[in-house]
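Reader: I have a structure open beside me and would like to go through it with you. Could you take my questions as they come?

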Amino acid sequence: MGNPQAHVTRSFAPRLRASWQRSERYGVPEDEVLPVFSGAVDTGSLLYECGTEVLRGLQATLVNEPISLMITDSEGLVLNRLCTDASISRSLDKVYLAPGFSYAESNAGTNGLGLALADRAPSLVRGGEHYCTDLRGYTCAAVPVLDPLTGTLAGSVNLTTWSEQSSELLLALAQAAAGNTAALMLARASGRIARPTPRGEVFRVYADRVDPGTLPRLSPAWTTAFAETRAALAGGRAVAVVGEPGAGKTALAALAHREVRPRDRVLNARPPAPDDVDTWLTLWTPELTKDDTCVIVSGVDALPAWAAEELARLFTEARAVGGLVPFVLTAEDAGALPAALSPLVDRVVEVPALRFRPDDVLPLAHHFARRDRGRDVTFTSAASRALMAYDWPENAKQLRRVMREAAARSDVVDTQHLPAEVFTGVGHRLSRLQALERDEIVRCLSEPGATVVHAAARLGMGRATLYRKMAQYGLNARQLKSWPSAPPGPSPSPRPGRSRP
């Protein structure tokens, strides 16, 4: 008799159809809502604090409206619910749409907040569009909230009302609340700089960028990952290269393919903001069927669920037409690969972070500096020690930036040509104010003849406070004696990146 839901979903928009299909695969019951109960709600997070404040302000303008306003985390766990209408509150309690319950798509089927989190895009689910019959009396509008510093998914704002209410206005209100929440989170995040919106770059990786002959000899950790990737691509296999941001995943994949098929084009596609994904896919996916092109899709773990499924379909079709079509996906770890794409991957290769490859720091530093300077650049022993001692939380990407700035100053790189961030032992990104404080402490401690006592007096703080600040920023007074008291030009503020514990 076929699927009884097929005639219903056929008239749905593609995103809703895909969500219903996922709900069915998850085994979500159609006739009963059974969300997962956590019981533990993080009420101390910045998202909870800012989202609740924004929703209370919005609630004050909706006193007589039967609308429930909610904040959820990135997994769909309801953190807070505000509502002045007793009837809709009692109704939502019956379907467990309340703090402590997870309304992720995999738990509650197609619903507004679950779809918004899965696709990372504003979502409106009306009455009969809900997968579970218990939810078809509601209209839900939800908008994801992105962390303004890292760009990662922080959670969502969800507005729920009866299904006959004005849905267009509901979505507009949810979008405004989500935007205000992100703005308030940024304002309270120690003055740090917001992460730029992804631009969805699609570009060719040209031969001169990835010529294996120009690279230095690197550590076994890198060469092993390179060899595994090269072997898989030589066999026409699909590879997932995983590792921390900035570790060199795309560079490794491009180099490996260039060595296997040096005359091929290598195309790298980086996901854009969720609203632009459709156009982004249209731009480059025709390249999949070309025999002389290898496609690298970077950061697939940031793709909306529907886009990952569409990409999986396109890859499958390309393989059906052209046989073993090699392609590469990159993500932070294997577990982050979208469920739709994971079955297509034949081999997962991990690129270790730069802090686990200390022997690669100086060879890469020389390589990057030579590329920017146009000739060989040397490093003093003090500069070499500083580079080797640093943890490089942003990996090779950060080393590349530091070398670009240092090589622009001299053919002989000394500690005075390195930014103050290299002399810290912190494993997380600093705010702008923290960076200024750290740089001033470095300047005072590195003055000729300076001691901690003198530096504390110059900074106007107690000696105990200075020692605490030095520990906070990972500063070593003895090492700083080799750093100049007046570095040439201001040191750059740390750029936003992925925080590490």
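Reader: How many aromatic pairs does the count come to?
Author: The count comes to eight aromatic pairs. Please keep in mind that this is a predicted model. One of the pairs joins Phe37 and Phe101, whose ring centres are 4.7 Å apart with the planes at 50°, so the pair is tilted.

Reader: Which parts of the chain does that pair link?
Author: Distant parts of the chain: Phe37 belongs to strand E1 (residues 36-37) and Phe101 to strand E4 (residues 101-102), 64 residues apart.

Reader: Is Phe37 buried or exposed?
Author: Phe37 counts as exposed, because its relative accessibility is 53% and the cut-off for exposed is over 50%. Phe101, in contrast, has a relative accessible area of 17% and is buried. Phe101 also pairs with Tyr96: the ring centres are 5.3 Å apart and the planes stand at 35°, so this pair is tilted. Tyr96 counts as partly exposed, at 36% relative accessibility.

Reader: Which residues do ring pairs link into a cluster?
Author: Phe12, Trp20 and Tyr131 are linked in that way.

Reader: Let us change topic to confidence. What does the pLDDT of the protein chain average?
Author: The average is 84, and 85% of the residues score at least 70. Residues 207-213 have a pLDDT below 50, and this stretch has eleven contacts in the model beyond near neighbours in sequence. Residues 484-501 are also below 50, with 45 such contacts.

Reader: On to the helices. Why is H9 described as largely enclosed by the rest of the structure?
Author: Nine of the twelve residues of H9 are buried, and therefore the helix is largely enclosed by the rest of the structure. Among the buried residues are Lys249, His257 and Arg258, together with Leu252 and Leu255.

Reader: How many of the 13 residues of H14 are buried?
Author: Ten of them are buried, so H14 is largely enclosed by the rest of the structure.

Reader: Where do the buried residues of H10 lie around the axis?
Author: The residues concerned are Val277, Trp280, Leu281 and Trp284. They cover an arc of only 100° around the axis, which puts them on the same side of H10. On the other side, Thr279, Thr282 and Leu283 are exposed. As a general point, an α-helix has 3.6 residues a turn, so residues three or four places apart point the same way.

Reader: One last topic. Which residues in the largest nonpolar core touch the most other members?
Author: Of its 42 residues, these are Leu387, Trp392, Leu399, Met403, Leu418 and Val422. The elements that give two or more residues to this core are H8, E9, H9, E11, H12, H13 and H14.

Reader: What is Trp392 in contact with, leaving aside its neighbours within four places in sequence?
Author: Trp392 is in contact with Leu354, Val361, Leu387, Gln398, Leu399, Val402 and Val422. There is also a second, separate core of 29 residues, which includes Leu47, Leu77, Leu170 and Ala182.

Terms used: Residues numbered from 1 in each chain as written. Predicted model: local features only at pLDDT ≥ 70, side-chain atom pairs only at ≥ 80, totals over all residues. Heavy atoms only, no water. pLDDT = per-residue confidence, 0-100. Contact = heavy atoms within 4.5 Å. Buried < 20%, exposed > 50% of the residue type's maximum accessible area, 1.4 Å probe, protein only. Helix = DSSP H or I, 4+ residues; strand = E, 2+ residues; numbered from the N terminus. Phe/Tyr/Trp six-rings, centres within 6.5 Å; stacked < 30°, edge-to-face > 60°. Arc of directions from axis to C-beta. Core = buried A, V, L, I, M, F, W, Y, C linked by side-chain atoms within 4.5 Å.
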